[in-house]
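Here is a friendly briefing to read alongside the structure.

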Amino acid sequence: MSSCGMRVNEEVILFFTVLKWLFISSLIGCLVGLAASGFILFIHFVIEQSNQYQHVFYLLPLSFFTANLLSQFLLKKHVGTDALIAAINKNYGKIEGSFIPTKVVNIALILATGGSAGKESPCAQIGAGIGSVCANLFRVDDIDRRKMVLCGFCAGFSCVFGAPLAGALFGIELLAVGVILYDVLLPAFVASITAYQVSSALGVTFFYYPLNFVPTFEEGFFLRLLAGGIFFGLCAYALIKAIQSSAAFTNRIPIWRPWKGLLGGLLLAGLTLLFSRDYLGLGLNLMEGSIKGMPVLGYAFILKALFTIITLSISRSGSVITPVLFIGATAGSFFGHTVGADQGTFAAIGFVSLLAGTTNTPIASSILAIELFGAAVAPYAAVSCVISFLMSGHRSLYTSQILSISKSRAIAIEPGIEISAVKNSIKNSEVWFIDWIKKRWRSYRKRSD
């Protein structure tokens, strides 16, 4: 009797726990869907209006100058995505400053004049801010606060990606490399799906392009796929290093920060005159065209990377996710053309693979391939995503991620540290390639004997 009674009590508790999180996460999803959709539609309106003026990019120096001026004097308490990840990981989602992005004006200025940035991070910050406000209203404990902030965080990504499952997993995977928080899966999924449905109802449109994909193993498709994963991983590694090195270099320039914005805007306007407007702003048309198999310049991904590096290191506003997707798609198109494969297929695979490599989110990126491009390409995209994730090393565009695993047994890394501290950790246990080969050989001989 007591055993039966305990089982009934457990089931009742779990039932009401599920009901509790269905209510809370649905509420957060609705609010995030409304707020994030408003922001996205506003940004799209601003970009649409600015695109009517062919030479609007001449205003880049002025917009970068103004954005840096606002950042220096008015927006000091703004919380970026890295700080938000650190707050969720270390402080149950509590943070000093504003979760709601106070840089909406900056982002609108930069995207309106053609800066190469995205809109994902502001939406994620809006979502986390709404989760934090709801946690304050419901007076929950720290554990539930963390879940609610994370629900909003995931829902924000869902609104931008147009892929609710990938958006939820992306927000969860961003927190730590090698760990998924199963206790937050239900509320994150419900909040993300709700936010996605609300944003769709409000007129936010998303990119879908199911591929007519038939793998041809007899033509060496799988070998090309493996080589592509390595290529995208190396691209991810190079992009992370370039963005971080450029930001560090810009910080060391001994002039007033708004003057840096002016110089950066002049440089970007000059590059636009030299090359094309295709690499300004979100670049959605060229990105979608490459996935549809349309030819693009072989070095388009390098140019987009250059425009993005300048924009982010100078303005410090906007997100890097949309540029990463653009770079991945055009790099995939280039790789497909180089190896004699279908350019559209490899553009789609590169689209998700570079995201996996730069943010350490192979599972979310694989799910994104299913939601955007269909199930046929998904297994192959997943293989490429995992290879890219491994090849990019112990690095990330978000340095507050916690590293829970090492990507190779040959690299000794202390688990539980932030990615920003990994470099110092590896220095203390550096492995020379020849020594590693010898060690592997001795281990093999010992097992054979």
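In this predicted model, 3 strands form an open sheet in the order β1-β2-β3, and their pairing is mixed. β1 (176–177) and β3 (417–418) are the edge strands; each has a single partner strand, so one side of each has no neighbour in the sheet. Two helix pairs, α6 with α7 and α15 with α16, are also described below.

**The sheet**
- β1 and strand β2 (residues 402–403) run parallel and are joined by 2 bridges.
- Within this pairing, V177 sits opposite L403 in β2.

**Helices α6 and α7**
- Helix α6 (residues 142–161) packs on helix α7 (residues 164–173) at an angle of about 135 degrees, and their axes are 7 Å apart.
- The two helices, α6 and α7, are therefore oblique to each other.
- The crossing of α6 past α7 is right-handed.
- From α6, the residues L150, F153, C154, F157, S158 and F161 meet P164, G167, A168, F170, G171 and I172 of α7.
- Sorted by class, this contact of α6 with α7 has 9 nonpolar residues, 3 polar ones and no charged ones.

**Helices α15 and α16**
- Helix α15 (residues 362–373) and helix α16 (residues 378–391) cross at roughly 155 degrees, with axes that come within 9 Å.
- That angle makes α15 roughly antiparallel to α16.
- α15 and α16 make a right-handed crossing.
- On the α15 side, P362, S365, S366, A369 and I370 meet A378, A381, A382, C385, V386 and F389 in α16.
- The contact of α15 with α16 divides into 9 nonpolar, 2 polar and no charged residues.

How values were computed
Residues numbered from 1 in each chain as written. Predicted model: local features only at pLDDT ≥ 70, side-chain atom pairs only at ≥ 80, totals over all residues. Heavy atoms only, no water. Axes fitted to C-alpha atoms, helices over the stretch in contact; angles between N-to-C directions. Helix = DSSP H or I, 4+ residues; strand = E, 2+ residues; numbered from the N terminus. Parallel < 35°, antiparallel > 145°, perpendicular 65-115°, else oblique. Left-handed = near helix turned anticlockwise from the far one by under 90°. Contact = heavy atoms within 4.5 Å. Nonpolar A, V, L, I, M, F, W, Y, C, P; charged D, E, K, R; others polar. Pairing = 2+ DSSP bridges.
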